[in-house]
Amino acid sequence: MSFYQSPKSISAYDAKFEAQKIAFAPVSFQVARCLSQFGLLAQIDNAGETGISLTELTNNNDLSEYAIHVLLDMGLSMGIFWCKDELYRLDKTGYFLLHDDMASKNLNFIHDVCYQGLFELEASLKQGNAAGLKHLGDWDTIYPGLSQLPEQTKRSWFEFDHYYSDHAFDSLLPMIFKSQPQHIVDVGGNTGKWAFACTGYDANVNVTIMDLPGQLAVAMENARNNMVDGRVFPFETDLLDPSKPFFEGGDLYWMSQFLDCFSKQQIITILKRTVAAMKPNSELCILETYWDRQPYEAGAYCVNATSLYFTAIANGYSRMYHSKDMLKMISEAGLYVDEDIDNIGLGHTLLRCKVKP
């Protein structure tokens, strides 16, 4: 990681402009979303190098000329379009807003899940709880309420969550199965996508999903639909409640985009409980996106931004971690890292851990 270690090479004039972009960032965000929702990005893209006029766009939309014009003007300032001879053409930023899956998933997640709650970021930071969660429901954290979210909000949450992990599956499966585990314990398995990837890769493996009741109900329905309910099993628990059981004796314990949902002390407690449940030859595989392990600055930007979702919306105390912090917690819990692999999927790192002798 070469970024963030020296001042940016930027003039004072450009830096001042960047400051104005930050000040108006909520406006830019909503303009980008509206341009997408109303189909204006696609219409301008379809016009190609010829371009399209304000009059043509107005004739092809239900919006007024006024509504389209204010969006186009701001779109020019955002670098989404360029305009010559009163004809609008899509610029590179607009192209990626329209065609890049990552940009689409991120934008929907921020709008549907985070936007209203982020207004409570200041209160969340002061109080140490997710003050913005009230805009979604009456829970202490978002996780018990995931299955109860409105459909569009739920869809955006799971598409965001799965987008990043799914891109890593193909390269991960051979790594995970090189030790030939017979029983995998998917800790915090959500809808079961990893469990189904494993049962599809190896016809003999069994998977136990440990999670809260709401998520397990969805996962087991999906298991039945995938016709693997004979090899995928539920294990209901609350990992933050030490009185609740923890599945023992698995060959491989799997935590994907899971530990970032907890505070440092909670992570250490969960890892210690995992160690107590592991057999001497069991493994724990941790898959996370660490901002300091991202190959490109855009990745670090997205990872660090996601931390504030946890602060204001999810629970008020977890975050996306620096890899050095995670390595310290792993060691404190009584584990050592046997294998450390970066650049999996979209900036993931796999830490393959074993119990210290």
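At what angle do the axes of helix H7 (residues 101-114) and helix H13 (residues 297-314) cross? The legends below begin with that pair. The model is predicted, so local features need pLDDT of at least 70 and side-chain atom pairs count only at pLDDT 80 or more, while totals for chains, interfaces and linings use all residues. Residues are numbered from 1 along each chain as its sequence is written, and side-chain values use heavy atoms, with hydrogens and water left out.

**View 1. Helices H7 and H13 cross at roughly 15°.** Their axes come within 12 Å; axes are lines fitted to C-alpha atoms, for helices over the stretch in contact, and angles run from 0 to 180 degrees between N-to-C directions. The crossing angle makes H7 roughly parallel to H13 (angles under 35 degrees count as roughly parallel, over 145 as roughly antiparallel, 65 to 115 as roughly perpendicular and the rest as oblique). Helices (H or I, at least four residues) and strands (E, at least two) are DSSP runs, numbered from the N terminus. H7 contributes Asn106, Phe109, Val113 and Cys114 to the contact, and H13 contributes Cys302, Tyr309 and Ile313; contact means heavy atoms within 4.5 Å. By class, the contact of H7 with H13 has six nonpolar residues, one polar and no charged ones (Ala, Val, Leu, Ile, Met, Phe, Trp, Tyr, Cys and Pro count as nonpolar, Asp, Glu, Lys and Arg as charged, and the others, Gly among them, as polar).

**View 2. Seven strands form an open sheet with mixed pairing.** The strand order is E5-E4-E3-E6-E7-E9-E8; two strands pair if DSSP finds at least two bridges between them. Strand E5 (232-236) and strand E8 (335-344) stand at the edges with a single partner strand each, so one side of each has no neighbour in the sheet. On average, neighbouring strands of this sheet are turned by 20° against each other, direction ignored. Helix H9 (residues 151-177) packs on the sheet and touches strand E3 (183-187), E6, E7, E8 and strand E9 (348-355). The direction of H9 makes about 40° with that of E9.

**View 3. Two strand pairs in the sheet are parallel.** Strand E6 (residues 252-256) pairs with strand E7 (residues 283-288) over five bridges, and leucine 252 stands opposite glutamate 283 in E7. E3 and E4 also pair over five bridges, with isoleucine 184 opposite valine 207 in E4. In strand E4 (residues 206-211), five of the six residues are buried (buried means under 20% relative accessible area, exposed over 50%, partly exposed in between, with a 1.4 Å probe and protein chains only).

**View 4. Serine 165 lies in helix H9.** Serine 165 has a relative accessible area of 6% and is therefore buried. Leaving aside neighbours within four places in sequence, serine 165 is in contact with Ser256, Gln257 and His348. Methionine 102 is 63 residues away from serine 165 in sequence and 12 Å away in space, C-alpha to C-alpha.

**View 5. Asparagine 190 has a positive phi of about 55° although it is not a glycine.** The loop between E3 and helix H10 (193-201) holds asparagine 190. With 14% relative accessibility, asparagine 190 counts as buried.

**View 6. Tyrosine 4 has a positive phi of about 70° although it is not a glycine.** Tyrosine 4 is found in the segment before helix H1 (12-23). Its relative accessibility is 42%, so tyrosine 4 counts as partly exposed.
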